[in-house]
Amino acid sequence: MIRVIMAEWRKLRRPTLFLGTLGAALFFTALTSTFLYLMIDSERGNSDRGRQVSREVLELAGGSVFGFASVGGLLGVIALCVFAAQTAQEYTYGTLRNLLVRQPGRLRILAGKLIAMKLFALVLVIISAIVSIGISVALSGRAKVATDLWFTASGFHAIGQTMLNVSISVIYFGIVGMVLGLLFRSPISAISIGVLWLLIIENLIGAVKPVTLDWMPGNQLSVIAQGGSSDVSYLHALILGTLYVFVGSIVAATLFSRRDVAN
């Protein structure tokens, strides 16, 4: 198991993959956190879907990580792409057969790869959190947002809780990507279908019938990162999101353990 984890981590820490993924994560993190403060007085809103986040909300104990929580869904999409690509390319390049020669236990290989990718996702979350909080502190003065409560006991509790929620959300998104990679066995197919569903299809269905968003998998995982929303409670999103991920994981693991390794 340890060898599988180390072998997968060696691939994940390649500069082209690690720095490219980190750059994308930090770009969306910085963009979201910056707009939250620079457009605080804009009539068009300063958050997702034109929502207005007031100074009073940002001055609460959890104000320092409000932007970080908002970008959790996008970080999840990035994780989905990485997990899907790293899983499916084993079929594309034909390296899975070689792995099975060294480690015949298929589920051990799957578990080892998942642990390594979870660690990779957690590194992205931690770095993104640091950058988001730093931007929030730097721009709070310009936006005339008081930060007195940010670094109190309640503030640190809010930071820890938000990091936990975002970590759960990002890892769940990643597992969905891994499931898609195992199902389609092609990086392009897995990523395109996952992104298409999360960013386009769910939003289109939600625009036609908003109540459906209460049950859409992508929306549940994004709500987990935010700690709940006005439409979907945190507990509802956590239970339903966990159920989606659990069922998908069982199906994918069953197929992986029984299906031929050829693409």
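Mentor: Helices here are DSSP runs of H or I with at least four residues, numbered from the N terminus. This is a predicted model, in which local features need pLDDT of at least 70, side-chain atom pairs count only at pLDDT 80 or more, and totals for chains, interfaces and linings use all residues. Residues are numbered from 1 along each chain as its sequence is written, and side-chain values use heavy atoms, with hydrogens and water left out.

Trainee: Which helix gives the most to the nonpolar patch?

Mentor: Helix α11 does, with six residues, and both α8 and α11 (234-258) supply at least two residues each. The patch, which includes Leu183, Ile193 and Phe246, has about 750 Å² of accessible area together.

Trainee: Why does Phe246 count as exposed?

Mentor: Exposed means over 50% relative accessible area and buried under 20%, with partly exposed in between (1.4 Å probe, protein chains only). Phe246, whose place is in helix α11, has 54% relative accessibility and therefore counts as exposed.

Trainee: What makes Ser169 count as buried or exposed?

Mentor: Ser169, which lies in helix α8 (residues 153-184), has 0% relative accessibility, so Ser169 counts as buried. Leaving aside neighbours within four places in sequence, Ser169 is in contact (heavy atoms within 4.5 Å) with Gly72, Leu221, Ser222, Ile224 and Ala225.

Trainee: Why is α9 called roughly perpendicular to α10?

Mentor: Helix α9 (residues 187-208) and helix α10 (residues 217-226) pack at an angle of about 110 degrees, with their axes 9 Å apart. Angles of 65 to 115 degrees count as roughly perpendicular, and therefore α9 is roughly perpendicular to α10. Trp197, Leu198 and Glu202 in α9 meet Pro217, Gly218 and Asn219 in α10.

Technical notes. Patches are made of residues with over 30% relative accessible area and no salt bridge: like charges are joined within 9 Å, nonpolar side chains (Val, Leu, Ile, Met, Phe, Trp, Tyr) within 5 Å. Accessible areas come from the Shrake-Rupley method with a 1.4 Å probe; for residues, only the protein chains shown count as cover. A salt bridge is a side-chain nitrogen of Lys or Arg within 4 Å of a carboxyl oxygen of Asp or Glu. Axes are lines fitted to C-alpha atoms, for helices over the stretch in contact, and angles run from 0 to 180 degrees between N-to-C directions. Angles under 35 degrees count as roughly parallel, over 145 as roughly antiparallel, 65 to 115 as roughly perpendicular and the rest as oblique.
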